[in-house]
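Please read it alongside the sequence and the coordinates.

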Amino acid sequence: MPDIAAAHEVLEAAVGTLAGGGERRPGQQEMCAAVARAVASGRHLVVAAGTGTGKSLAYLVPLALSPGPSIVATATKTLQDQLVDKDLPQLADALETWRADESRHREDPDPSDEPWLPLRFAVLKGRSNYLCVQRLQELADDDQLRLEITDGPRAEISRLAAWAQHSPTGDRADLDFEPSATAWDALSVSGRECPGANRCPSGPDCFAERARHRAEEADIVVVNTHLYCLHLFSDAPLLPDHDAVVIDEAHGLEDIVSDTAGVSLTGGRFDELARLLRAVVADSAASGDLEDVGSLLRETLAPWRDKPLPAPLPAELQQLAVLAQGRVNQAATELRAVPDNAPGEAIPRKVRALLVASALTDDLNRAVEATAAEVSWVSGTESAPAWRMAPIRLGHLLTEHLWETTTSILTSATIPMNLGEILGLEPDEHDAIDVGSPFDYEANGLLYCAKHLPDPRSDGYEAALHDELAVLIEAAGGRTLALFTSYRAMDRAADALRDQLDFRIYTQRDLPKPELLRHFSDEEESCLFATMSMWQGVDVPGPSLSLVTIDRLPFPRPDDPLLEARRERYGAEAFRLVDLPRAATRLAQGAGRLIRRGDDRGVVAVLDSRMARAGYRWELVRALPPFRRTADRDQVVTRLRTLSEESEAAGP
């Protein structure tokens, strides 16, 4: 059981190892104590921890001091890398120093005490992230498979094979080059395709199994939130046993649970099974039939793209599902006919193909038998539509698979207002705290609500928006991250303003994200126009960013089939429970791009008059950092000009 005083001592030791000796953060200490109490009591905890809190160490310290193993789940690779490469090594060193000091200061040490063990931590990823030794062996032994691969991927595969001989992990992230999808797919397997170490000839050498063994021996295991949710809803455990889980970036948990607890059927899954079948049965009659079903599924789903599927399902889709089940059964029959003593690599391929066929059959059955508590719809692109099915409400699923079994700490800088209610956490079953941020938002930031602009749904809005952007960007001397709710709005604004302004305007279409952010950060007077994917994960501290603009309130699409079903279920409460929390969370994420360190200053401009007029506006304001607020554009222009002049005077 983690002791709060000990947790604070270790936290101070860990923070003290930072460059410059670190700094005391009351919010970090408050969160650390709350997590320690949660782990000790088994009571769930929801923590809003603003930018700069140092939340990762605040939850890692109590986990490290607890006796049982723990999981940390993150939604992004950036945070995962930070935990494994920086925070956990830093904590391990601090913990060792603290334990040594404590032992020295004990007046009457107990000789029967067990020796301290160093903190053990590991990262575990989905199987497709690791090179499959068995696939590599099969490719080396099969001339026909090698002939089917073109020259470009063939060279990459040779390079991957050489790398695999010396890599201790087989983890794609450890490569010093980025392989093409074709090359990596040839040497990896999905979770539903892998038979496991005990049924695979290469099991003893499997990179994924080695990673799993390291995770089973660790005190803290870092995983992707998607993998954690797959573990929750899987018949067989994918992760080691654990007493507690921290879900960081928990604002996205609802969508990930919906994705992993549901079903997705695409034509590509039938193509995949056909490929696996041909690798086992060269003259397969069923493989072509599977590909035909995949093509027919694409054609049948196309008219329903971005629409809900009615209940009962359309007759043509029901008929197609029956046909598809028959074709999958035909494939399974061909596979089972392959004798268990077949030569070469036929048996491992047979096992993998049967697993894929079984998963496809299960998902077809689930899709056609969707209940009133689930919603079916079609998503994806024109060329690759997907038949989706997901639960409308998630509370009962999480209660059964998570809340009743594992102490859970949910945290994010932008926690939705009703996260506990959405996820089925009863008020008497969890604590919720907001530890704030160490940044002085009131002194350094200004929230501008453009009350004078037309309603964004009116005809005159776009021209007025462009004029407003031009005035603000000119005053800021560039230095602007302009966030838009659609690519169309971003493109039209960039086209209109490039001719009016002398500042370089980048858009999200111009370059890959890392290179784009580097240019924006290095070129102090440039502007970056971006869409929804950059409302989070953009970290540009310093003088290159003094203005964040938001074109309109980021409410979810009214025609999103899953959200539409949830609105129907919630009835009169739908706006409060579905739309408003999502808009508030996304708005807070966008506004959070401005202040990334203690000396950052600037303006967040919401160019949607509803922010100043609508009856729900205070719900949105309360979700944002506590900036000073104004609707006076002249005040904003003066502030931006002052910041621009100060930046120019300071020089590079």
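A residue is called buried under 20% relative accessible area, exposed over 50%, and partly exposed in between, with a 1.4 Å probe and protein chains only. The structure is a predicted model: local features need pLDDT of at least 70, side-chain atom pairs count only at pLDDT 80 or more, and totals for chains, interfaces and linings use all residues. Residues are numbered from 1 along each chain as its sequence is written, and side-chain values use heavy atoms, with hydrogens and water left out. Helices (H or I, at least four residues) and strands (E, at least two) are DSSP runs, numbered from the N terminus.

**Salt bridges**

- A salt bridge is a side-chain nitrogen of Lys or Arg within 4 Å of a carboxyl oxygen of Asp or Glu; by this rule the model has 43 salt bridges.
- Arg127 and Glu209 form one of them, with the closest N and O atoms 2.4 Å apart.
- This pair links distant parts of the chain, 82 residues apart: Arg127 is in the loop between strand 3 (121-123) and helix 5 (133-141), and Glu209 is in helix 9 (residues 207-216).
- Arg127 is partly exposed, at a relative accessible area of 23%, whereas Glu209 is buried, at 10% relative accessibility.
- Asp176 and Arg159 form a salt bridge in which the closest N and O atoms are 3.8 Å apart.
- Because Asp176 lies in the loop between helix 7 (151-166) and helix 8 (181-186) and Arg159 lies in helix 7, the pair ties together parts that are 17 residues apart in sequence.
- Asp176 is exposed, with 70% relative accessibility, while Arg159 is partly exposed, with 45%.
- Glu178 and Arg172 meet through their side chains in a salt bridge of 2.6 Å, N to O.
- Glu178 counts as exposed at 59% relative accessibility, and Arg172 as partly exposed at 26%.
- A network of salt bridges links Arg135, Glu138, Glu193, Arg349 and Arg352.

**The open antiparallel sheet**

- Two strands pair if DSSP finds at least two bridges between them.
- Four strands make up an open sheet in the order 6-9-8-7, with antiparallel pairing.
- Strand 6 (263-266) and strand 7 (307-308) are at the edges and have a single partner strand each, so one side of each is left without a neighbour in the sheet.
- Strand 7 pairs with strand 8 (residues 374-380) in the antiparallel sense over 2 bridges.
- Across this pairing, Pro308 stands opposite Trp377 of strand 8, and Lys307 has Val378 of strand 8 as its bridge partner.
- Strand 8 runs antiparallel to strand 9 (residues 385-391), and 7 bridges join the two.
- Trp377 stands opposite Arg388 in strand 9.
- Strand 8 and strand 9 form a hairpin, with 4 residues between them.
- Strand 8 is mostly covered, as 5 of its 7 residues are buried.

**Parallel pairing around strand 15**

- Strand 15 (residues 527-530) points Cys527 and Phe529 one way and Leu528 and Ala530 the other way, and all are buried.
- Strand 13 (residues 480-483) pairs with strand 15 in the parallel sense over 4 bridges; here Leu483 stands opposite Ala530.

**A loop residue**

- Ala261 lies in the loop between helix 11 (253-260) and strand 6.
- Ala261 is buried, at a relative accessible area of 9%.
- Ala261 is 240 residues from Leu501 in sequence and 48 Å from it in space, C-alpha to C-alpha.

**Charge at the surface**

- Patches are made of residues with over 30% relative accessible area and no salt bridge; like charges are joined within 9 Å, and nonpolar side chains (Val, Leu, Ile, Met, Phe, Trp, Tyr) within 5 Å.
- Accessible areas come from the Shrake-Rupley method with a 1.4 Å probe, and for residues only the protein chains shown count as cover.
- Lys and Arg count as positive and Asp and Glu as negative, with His and the chain ends not counted; a charge is placed at NZ of Lys, CZ of Arg, CG of Asp or CD of Glu.
- Glu400, Glu404, Glu426, Asp428 and Glu429 form a negative surface patch.
- Of these residues, Glu400 lies in helix 16 (residues 395-403).
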